[in-house]
Amino acid sequence: MRTVISAAISLDGYLDDRSPERLRLSGQEDWENVLALRTRCDAILVGAGTVRADDPSLVIKDPEIRRQRSQTGMEPEPLKVTVTRSGNLNLESGFFTRGNGRKLVFCERSTPVERIREIQRMAEVITVPHIDPEIISDTLGSFGVRVLLVEGGSSVLGMYMKSGNFDCLRLATAPFFVGDGRAPRFVPDGQYPWNKDNRLVLRDSIKLGNTSVMYMVPPAVCEKDAEFLKLAVEASRQSPPCDTAYRVGAVVVTPDGAVFQGFTHETGPADHAEEAAIAKAEAAGVGLAGSTIYSSMEPCTHRRSKPLSCADLLIIKGFAKVVYGLAEPAYLALCEGHARLQKAGLEVYRDRSFDGAVRTINAHILNR
């Protein structure tokens, strides 16, 4: 199961101020990107404090997005998840009353029994020895959750950052200060595995309106990505040279770890590598929602041979993450794959480590 942490902070590291109204940290463009990210998740987790303070509904209202989710095997709405030790939850909040999707509450064994019974009128309750990311992941995985989005608040974000049990941190920074030491910070004080000697890896940073967004991952995630991208580059060598197509390799990795490889023209004279790998996965009866694809070149956005580009195909099939090598040069067509996929809420990373190899493999076009 993939776990993505998403948070927005001020320049001095605060999630909110102490005013009665919720502090708006994100601009419109960043907020739209977060909404797109939500559409690609099976479950969204917020803490009890966030339920009390922000009254989030976490509902996908757009009927077209709901239809697309259903087509990929996802529920129309993400599973709502919260955690509580005290059981102090407002059962009339939007978390419980809005939308038709499942609601799940993790309570500790020490939670008062009468509070658990009240919550059970509005949601499913899972009683655990203690609130822990690993326990949450195991439970949600057994429910079929492939991608979990963790949105806060401070104690929940801190719990996940301390555990290291996540695949990506999406951190948006607003260009202003809160300046109040009593306001809620991004994470509480404590011992974290990410320090000056063990740093997260900055995979990407983008500007969305007047907000800066960074994508950071644990080093082990980068290492795994590099291994699969290397497989994609090696697969591309099997593609026969052609004056009208790049030699590209692709590797699909599903949430349960199944791996499918493909290369340009492997399954048909007009098929791209991504299509070949996807076709193999679907022939095996594997669901693709929440999957990752590794491609030796940027997925295309313009093509004449078929109605869907590879980028559009990845979006429609419900992929959650794309890692590619060489950005597609504008020799054969204009390509905006990175931007289109990112706008649709996918994690998109370019790894330049294999640029030389990919250029050599495609010298029949790039050197002419």
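Which residue follows H9, and is its phi positive or negative? Gly285 follows H9, and its phi is positive, near 75°.

## Basis of the model

The structure is a predicted model, in which local features need pLDDT of at least 70, side-chain atom pairs count only at pLDDT 80 or more, and totals for chains, interfaces and linings use all residues. Residues are numbered from 1 along each chain as its sequence is written, and side-chain values use heavy atoms, with hydrogens and water left out.

Helices (H or I, at least four residues) and strands (E, at least two) are DSSP runs numbered from the N terminus. Helix H8 comprises 18 residues, 219-236. From first C-alpha to last, H8 reaches 26 Å, close to the 26 Å expected at 1.5 Å a residue; the expected span is 1.5 Å times one less than the number of residues. The buried residues of H8 are Val221, Cys222, Asp225, Phe228, Leu229, Ala232, Val233, Ala235 and Ser236. They cover an arc of only 155° around the axis, which puts them on the same side of H8; the arc is that of the directions from the helix axis to the C-beta atoms. Ala220, Glu223 and Glu227 are exposed on the other side of H8. Here buried means under 20% relative accessible area, exposed over 50%, and partly exposed in between (1.4 Å probe, protein chains only).

In helix H9 (residues 273-283), Ala273, Glu274, Glu275, Ala276, Ala277, Ile278 and Ala281 are buried. These buried residues of H9 pack against strands E10 (249-253), E11 (259-263) and E12 (292-297), and against helix H10 (310-316). Contact means heavy atoms within 4.5 Å.

## Two loop residues

Arg98 is found in the loop between helix H4 (94-97) and strand E4 (103-108). Arg98 counts as partly exposed because its relative accessibility is 39%. Leaving aside neighbours within four places in sequence, the contacts of Arg98 are Asp55, Ser57, Val59, Lys80 and Lys103. Of these residues, Val59 is 39 residues from Arg98 in sequence and 7.1 Å from it in space, C-alpha to C-alpha.

Ala333 belongs to the loop between strand E13 (321-326) and helix H11 (337-343). With a relative accessibility of 22%, Ala333 also counts as partly exposed. Ala333 touches His302 and Glu328, residues up to four places away in sequence not being counted.

## Pocket and cavities

On a 1 Å grid over the protein atoms alone, a cavity is a set of points where a 1.4 Å probe fits but cannot get out, while a pocket is an open set with protein on both sides within 12 Å along at least five of seven lines; lining residues have an atom within 4 Å of a point. Grid points are joined across faces, edges and corners, and a volume is the space filled by probe spheres set on the points. The second largest pocket has a volume of about 530 Å³. Its lining has 23 residues, of which Thr244, Ala245, His272, His302 and Leu332 lie nearest the centre.

The whole structure holds two cavities of 30 Å³ or more. The largest cavity, of about 50 Å³, is lined by Val4, Asn33, Leu37, Arg170, Tyr215, Gln342, Gly345, Leu346 and Glu347. The second largest cavity has a volume of about 40 Å³, and its lining consists of Arg2, Val4, Leu37, Arg40, Cys41, Val147, Ala320, Gly345 and Glu347.
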